[in-house]
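Reader: Hi! Could you walk me through this structure in plain words?

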Amino acid sequence: MGGQATRIFFEAGIEEFAVPGVVIEEVRRYIPRMAKKVSVGPEFLFYALDLLPLTLCSTKSYRNALTEARKQIARRDSNDVEVLALALALKRILWTNDRDFEIAKVQRVTTAELLSLCFPRTAKP
């Protein structure tokens, strides 16, 4: 929430971030709890979530990659299977700071790495 990741969503020029619909459902369930934690109304966080350039993907769109994703990551964290399956199906880089994905056979990038790629620092003379 907030922080440097916000720059990636709104300043990096990336038009779309694909996300499994089940992940967004889970985020929505936690919004009331998060709102209390940061002392804002839940409606504010629901609105903020809706502003993000997210494309929600149904399980149908990555169903063929679920078996491979389970093989790669289910033992480490079964909650990560859907996210990995989507990245595998789309053949896209996975943006995550979750170290569980280190064992996955998918190209991934952390927030810090993505910030460096999107906003390279200019060399000082």
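**A chat about the fold**

Author: Contact here means heavy atoms within 4.5 Å. Please keep in mind that this is a predicted model, where local features need pLDDT of at least 70 and side-chain atom pairs count only at pLDDT 80 or more, while totals for chains, interfaces and linings use all residues. Residues are numbered from 1 along each chain as its sequence is written, and side-chain values use heavy atoms, with hydrogens and water left out.

Reader: Thanks! How many residues are in the largest nonpolar core, and which have the most contacts inside it?

Author: That core has 16 residues, and A69, L84, A85, L88, F101 and V106 have the most contacts inside it. Two elements each give two or more residues to the core, α4 (66-73) and α5 (81-90). The largest share, six residues, comes from α5. By nonpolar core I mean a set of buried Ala, Val, Leu, Ile, Met, Phe, Trp, Tyr and Cys residues joined through side-chain atoms within 4.5 Å. Buried means under 20% relative accessible area, exposed means over 50%, and partly exposed is in between (1.4 Å probe, protein chains only).

Reader: And what's the general background there?

Author: In soluble globular proteins, nonpolar side chains tend to be buried together.

Reader: Let's zoom out. How many helices and strands does the chain have?

Author: There are six helices and four strands, and from the N terminus on they run α-β-α-α-β-α-α-β-β-α. Helices (H or I, at least four residues) and strands (E, at least two) are DSSP runs, numbered from the N terminus. The C-alpha atoms fill a box of roughly 45 × 45 × 25 Å along the principal axes. Of the 125 residues in the chain, 29% are buried.

Reader: Which residues of α6 are buried?

Author: In α6 (residues 111-118), the buried residues are T111, L114 and L115. Seen down the axis of α6, they fall within an arc of 100°, so they line one face of the helix. The arc is that of the directions from the helix axis to the C-beta atoms. A112 and L117 are exposed on the other side of α6.

Reader: What covers that buried face?

Author: The cover over the buried residues of α6 includes α1 (5-11), β3 (94-95) and β4 (108-109).

Reader: Switching to charges: how many salt bridges are there?

Author: A search of the whole structure finds four, a salt bridge being a side-chain nitrogen of Lys or Arg within 4 Å of a carboxyl oxygen of Asp or Glu. One of them joins the side chains of R28 and D50 (2.7 Å, N to O). R28 lies in helix α2 and D50 in helix α3, so the pair ties together parts that are 22 residues apart in sequence.

Reader: Nice. Where do E11 and R7 sit?

Author: Both lie in helix α1, four residues apart, about one turn of the helix. E11 is partly exposed at 48% relative accessible area, and R7 is partly exposed at 28%.

Reader: Which residues form a nonpolar patch on the surface?

Author: F10, Y47 and L51 do, with about 350 Å² of accessible area together. Patches are made of residues with over 30% relative accessible area and no salt bridge, with like charges joined within 9 Å and nonpolar side chains (Val, Leu, Ile, Met, Phe, Trp, Tyr) within 5 Å. Accessible areas come from the Shrake-Rupley method with a 1.4 Å probe, and for residues only the protein chains shown count as cover. Y47 lies in helix α3 (residues 42-51) and is exposed, with a relative accessible area of 52%.

Reader: One last thing: what is the phi of S39?

Author: S39 has a positive phi of about 55° although it is not a glycine. S39 is placed in the loop between α2 (21-37) and α3, and it counts as exposed at 66% relative accessibility. K91 also has a positive phi of about 55° without being a glycine. K91 is found in the loop between α5 and β3 and counts as exposed at 71% relative accessibility.
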